[in-house]
Amino acid sequence: MPTVTKYILIIVVFFLPAAVWASSTSAYQEYLQEFDKYRTVLNDFKVARSEYLKFKTLTSQQTALEKTKQMLADRSQLLRSYLQFLNEKLNESKSMDATNKALYQTLIKNEVTFLNNHTALMGSIGSIQDADGVSKQLSSHYTLLESSIYQTIVGLKFAELTALDTLYYDLFTKSNALIEKNRSSYTAEKLSILDRWLLQIQNKRDLFKQKTDEITKENSTLKSASLSEITASYQRILKSMSEARQYLSEGISFLQELTASMQYGE
Amino acid sequence: MENNMDQTIAEMPHEVPVQQPIVQKPQKKGFDLRYLFLVLIIIGISGGLFAATRKPAPIPIPTPTDTPTPSPKSKSLVPLATQSAYLSLTQSIASLSSQIQQMQVSDTTLSPPTIELPLGFPNE
């Protein structure tokens, strides 16, 4: 008996980290399954709707109602599984600080609560008009939902960029300190070269900071009145983030040049 | 007096144009171009024969010799280059560089699903 317990403990110890690591991966797989299910149900709904609109018979109306209810339920479930995936991503994020993580998780929690209430309404649907009314409830809320989703995605990526910048600045400071400590090892000409590299590296960081300020400003205005404006704003943020990443990439190559140059005194 | 002058003018003989005699140059007998062509052919053939029979001049074979090669100027390493602080710094920079390269700004897995919102039933 104790041997069995020992084996169970070993298995738990070995598999527990894997289970924790895979939480966002499994959430993503679940989301993909829900997406496939939604696509199938949506096709069935479209067929039933077109038959109802064409024949207007009681049978086709009943079928259309059933398929509509099914589609609405799966649509809501799809959005919930996607939000669950985002929530797992936030949980796994090592670069995001606790305050921001709590902020984005609250946004997601509010949206999940809305979707739960939305799904609860589906039991009371008795006609196509009822189904239309319930669907319009989600349509009118969808701008806010999409805004919360995009804000969370931007938050995740922005945290990654900020974490990379923190490392970048730390390495820059260390390089500067090493040069200052060994200043006597270099000729005056060499020191001027090293100082120019340091200036270039600092400039790249300043440009990165400018971009991150733009991203922060744009992300706060993501709550817009229309979906198209939210999407356009999100695209602008993605562009700014790519540029910010490019500045870091250039800066780190300058740091590599600097350290290679630091080896020689003249 | 005026009448006298008229008379002298009238008495002056008019200049009659003299026709130049046509001198016929003796016709030279033209050089026959066929001779020139023949001469050129002969020169060409003889030149060709001369070139064919001539022994080729020996081409000097270059003998390989050692040439001075530029040697890189040896730079002296500063003591810092071998210190652990410097080595650790270079490793950290290489690691961060790969992290930056791997970072994906636009992550497609995070894209929200596209759903159909209006049901498409006419208002009854």
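Here's a quick briefing on the two-chain complex above.

This is a predicted model, where local features need pLDDT of at least 70 and side-chain atom pairs count only at pLDDT 80 or more, while totals for chains, interfaces and linings use all residues. Residues are numbered from 1 along each chain as its sequence is written, and chains are lettered from A in the order in which they are written. The predictor puts the complex at an ipTM of 0.83 and a pTM of 0.74.

**Confidence in chain B**
- Mean pLDDT (the predictor's confidence in each residue, from 0 to 100) is 80 for chain B, with 73% of the residues scoring at least 70.

**Chain A overall**
- Chain A has seven helices and zero strands; these are DSSP runs, with helices being H or I of at least four residues and strands E of at least two, numbered from the N terminus.
- With a radius of gyration of 27 Å, chain A is well over the 18 Å that the globule rule gives for 266 residues, so it is more spread out than a compact globule. That radius is taken over C-alpha atoms, and the rule is 2.2 Å times the number of residues to the power 0.38.
- Along the principal axes, the C-alpha atoms of chain A fill a box of roughly 95 × 65 × 30 Å.

**Where the chains meet**
- On the chain B side, 33 residues are in contact with 45 residues of chain A, a contact being two C-beta atoms, placed from the backbone, within 7 Å.
- Those chain B residues split into 21 nonpolar, nine polar and three charged. Here Ala, Val, Leu, Ile, Met, Phe, Trp, Tyr, Cys and Pro count as nonpolar, Asp, Glu, Lys and Arg as charged, and the others, Gly among them, as polar.
- I252(A) touches Y168(A), I93(B), L96(B), S97(B) and I100(B), leaving aside residues up to four places away in sequence.

**The largest nonpolar core**
- There are 55 residues in this core, and those touching the most other members include I252(A), Y168(A) and Y82(A).
- A nonpolar core is a set of buried Ala, Val, Leu, Ile, Met, Phe, Trp, Tyr and Cys residues joined through C-beta atoms within 7 Å; buried means 20 or more other C-beta atoms within 10 Å of a residue's own.
- α5(A) gives the largest share of the core, 15 residues.
- Domain 1 (2-92) and domain 2 (161-261) of chain A both contribute residues, so the core lies between them; the bounds come from an automatic or database domain assignment.

Key: Buried ≥ 20, exposed ≤ 12 C-beta atoms within 10 Å, placed from the backbone.
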